[in-house]
Amino acid sequence: MQTNTIPPYSSLVAVGDSFTEGMSDLLPDGSYRGWADLLAARMAARTPGFRYANLAVRGKLIGQIVEEQVPVAAAMGADVITLVGGLNDTLRPKCDMGRVKGLLTEAVEQLAPSCKQLVLMRSPGRQGPVLERFRARMEELFVCVEELAERHGALVADLYGAPSLSDPRMWDVDRLHLTPEGHRRVAEAVWQTLGHQAEDADWHLPMPATLPPGWAARRVADARFARQYLLPWIGRRLTGRSSGDGLPPKRPDLLPYESQA
């Protein structure tokens with residue numbers, strides 16, 4: 001339910017990479033839903049004629065987001081724009097953080113004046129060796145996000161600080177993308193960040209403890225992960241390819257919202 005102090009936002013444009021595209025929240029038709037679609041559904045239920053576009057494409061680096069998505073989003077004149085980018089860059093073996101932060105700054109400078117409310121995020125991080133290896137870069141990126149938000153009047157959804165979203169059980173078998181429950185919690189976080197009344201006030205709290213899988217089950221899972229996800233990911237890095245090469249945005253136009261579920 002909206003309060004009287006919340007503007008009646010009538011449109012949303014989502015910009016970013018696989019996180020915003022919605023992987024791995026898989027629908028029966030093989031497409032992805034994700035937190036941005038869930039957020040749009042909530043907003044549409046309260047605002048007749050609500051319009052939504054999702055320009056995010058998996059695998060995109062911040063330079064590609066700035067070049068391919070930001071000018072399009074800025075031209076749409078939406079009430080709310082969400083921007084999440086740069087994390088793919090931090091996961092590359094060679095990453096120029098100065099360049100990444102400069103490009104993120106460029107994106108914010110273009111998007112903030114073009115909408116009523118820009119929403120940035122401190123992205124979630126899964127517990128494990130990958131996060132620890134790249135934590136310093138991620139946190140440097142998040143400091144930049146906070147500074148840009150303060151400078152340009154953007155809101156920040158703090159997903160990185162939510163214990164629930166660091167739980168490995170919130171992450172798909174590829175260990176890079178959230179489960180449907182993870183996406184639901186992100187949608188709730190952004191919903192509350194926009195000032196709406198909480199539908200799940202405990203979205204950020206840790207999940208109830210369960211017995212961890214045994215040694216054999218972990219080894220089987222590790223082998224499957226390496227075969228199906230890690231080795232192809234390394235192969236794309238070595239050949240300069242991306243999982244999103246040639247893929248169009250799933251919602252390229254700012255049109256009245258229609259659920260895909």
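Let's start in helix H2, where the buried residues (under 20% relative accessible area, 1.4 Å probe, protein chains only) are Trp35, Ala36, Asp37, Leu39, Ala40, Arg42 and Met43. This is a predicted model, in which local features need pLDDT of at least 70, side-chain atom pairs count only at pLDDT 80 or more, and totals for chains, interfaces and linings use all residues. Residues are numbered from 1 along each chain as its sequence is written, and side-chain values use heavy atoms, with hydrogens and water left out.

Helices here are DSSP runs of H or I with at least four residues, and strands are runs of E with at least two, numbered from the N terminus. H2 covers residues 35-46, and at 1.5 Å a residue its twelve residues should span 16 Å, which agrees with the 17 Å between its end C-alpha atoms. The expected span is 1.5 Å times one less than the number of residues.

Now to the charged pairs. A salt bridge means a side-chain nitrogen of Lys or Arg within 4 Å of a carboxyl oxygen of Asp or Glu, and the model has 18 of them. Arg42, Arg46, Glu188 and Glu199 are linked in a network of such bridges.

Lys116 pairs with Asp79, their closest N and O atoms being 3.7 Å apart. Lys116 sits in the loop between helix H5 and strand S4, and Asp79 in the loop between helix H3 and strand S3, so the pair ties together parts 37 residues apart in sequence. Asp79 is buried, at 8%, whereas Lys116 is exposed (over 50%), at 59%.

Glu132 forms a salt bridge with Arg135 at 2.4 Å; being three residues apart in helix H6, they are separated by about one helical turn.
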